[in-house]
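Good morning. Please have a look at it first.

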Amino acid sequence: MNTSIPHPFMVSRRRFLRQSFAFSALASLGSIPGWSGTLAAEPKSSGAGGADLLMVGDWGDDDDQIAQNEVASGMQRYARDKAVNPQALLMLGDNWYGELAGGVHSPRWQTQFEQMYPADVFPGPAYAILGNHDYQKWPESKVEAELEYAKQRKTRWTMPARWYRFEFPATNPLITFLALDSNMPFKDGTSEHGKDFTLTAAEQAEQLTWFEGELKRPRKTPFLAVMGHHPVYSDGPHGDHPVLMRDWDPLFRKYKVDLYLAGHDHDLQHLEFEGHPTTHFLSGGGGADLYNLKIDSTTRGPFAQKVYGFSHLSVTEKQLTLRHLDPTGHILHAFTKTPEGKISVLT
Ligand SMILES: [Fe+2]
Ligand SMILES: [Zn+2]
């Protein structure tokens, strides 16, 4: 037997260990499965008492929508073929690129939301947050249009405010979500640049006070997730976000947020940091043009890939399972996380 041929498990394990940013999960490395990993990563519905959510970011393309359609069709096929039964969607911002003429009456709501992510496959709520492309007056405020569309209550589109809390599932909840607005004022301190705008400094402060207030509240669920369009840390071209690192990251650490979900960089990522309780998970492959990564995932990971796709979050009382998938439903990366923070990479 030629022992010089590395077992694939050893390769992936060595690669995992080589990361210069050692993971908080190092202690759990022994639980990384080898060949069985791919099998264990295969999706199956979380079953009774569990919850399955699909997420997609950076999806409402204003160009030809070929890639958005490909990813959305892939999500439908995945849900049907794998019998995943997603009970909710998470729409991670940059919901509308370009013009949304007519606001709530724009036909884009039908063609690019209701029909691409259809209610017969995704009957649950679609919890949405706002990205930088939503913060545009094109021709009127797309932020106002998105809040208004949710208010009509005729649709799954859920955005009760620019920042809000929900628990999921509604009965016997397993995970608390704090949905935030990451559109911080521009570097010059203003909140208006032509058709682009942001939160004002007063709104930024108001949200931060609300956020910490919610983190302090007693929680009934084993897991806590925060979602915001802009990543706090990213291997993509937008890089790490100094304002979110200053304002949000210390709260993630202090209140032991299990998961931060973001988009904005058009790729799929999973980052872990030594001693940090929070998994940083980015799903920005919903249809807008892809960007080149700035940091290789062997330097900071364990996973970052320039690829179209979507992501699947399964929650049970015992663990979270997160998967990044390409439009064909192929699993690119999958891992589990326990309430104690133990991470096991499946594939
Ligand atoms: Fe985007
Ligand atoms: Zn963005």
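This is a predicted model: local features need pLDDT of at least 70, side-chain atom pairs count only at pLDDT 80 or more; totals for chains, interfaces and linings use all residues.

Residues are numbered from 1 along each chain as its sequence is written, chains are lettered from A and ligands numbered from 1 in the order in which they are written, and side-chain values use heavy atoms, with hydrogens and water left out.

Which residues are the protein donors of the zinc ion (ligand 2)? They are Asp94 (OD), Asn132 (OD1), His229 (NE2) and His264 (ND1), lying 2.1 to 2.2 Å from the ion. A donor here is an N, O or S atom within 2.8 Å of the metal (3.2 Å for Na, K and Ca); water is not among the atoms, so sites may look incomplete.

The angles among the four donor atoms of the zinc ion (ligand 2) run from 93 to 159°, so the arrangement is irregular. For the cut-offs: four donors are tetrahedral if all angles lie between 85 and 135 degrees; four are square planar and six octahedral if opposite donors are over 155 degrees apart and all others between 65 and 115; anything else is irregular.

Asp94 is in the loop between β2 and α4, and Asn132 is in the loop between β3 (126-128) and α5 (142-151), so this pair links distant parts of the chain, 38 residues apart. Helices (H or I, at least four residues) and strands (E, at least two) are DSSP runs, numbered from the N terminus. Asp94 is buried at 1% relative accessibility, whereas Asn132 is partly exposed at 26%. Buried means under 20% relative accessible area, exposed over 50%, and partly exposed in between, with a 1.4 Å probe and protein chains only.

Asp94 bridges the zinc ion (ligand 2) and the iron ion (ligand 1), which lie 3.2 Å apart. The iron ion (ligand 1) is coordinated by Asp58 (OD), Asp94 (OD), Tyr97 (OH) and His266 (NE2), at 2.0 to 2.3 Å. Its site is irregular too, with angles of 85 to 179° among the four donor atoms.

On to the rings. How many aromatic pairs does a search of the whole structure find? It finds 21. Rings of Phe, Tyr and Trp (its six-membered ring) pair if their centres lie within 6.5 Å; planes under 30 degrees apart are stacked, over 60 edge-to-face, and the rest tilted.

Why is the pair of Trp109 and Tyr149 stacked? Because the ring centres are 3.7 Å apart and the planes are at 10°. Trp109 lies in helix α4 and Tyr149 in helix α5, so the pair ties together parts 40 residues apart in sequence. Trp109 is buried at 1% relative accessibility, and Tyr149 is buried at 6%. Both belong to one aromatic cluster, formed by Trp59, Trp96, Trp109, Phe113, Tyr117, Tyr149 and Trp157.

Last, a charge over a ring: the charged end of Lys195 sits over the ring of Trp138, 4.6 Å from its centre. The rule is NZ of Lys or CZ of Arg within 6 Å of the ring centre and within 35 degrees of the ring normal. Lys137 likewise lies over the face of Phe197, at 4.9 Å from the ring centre.
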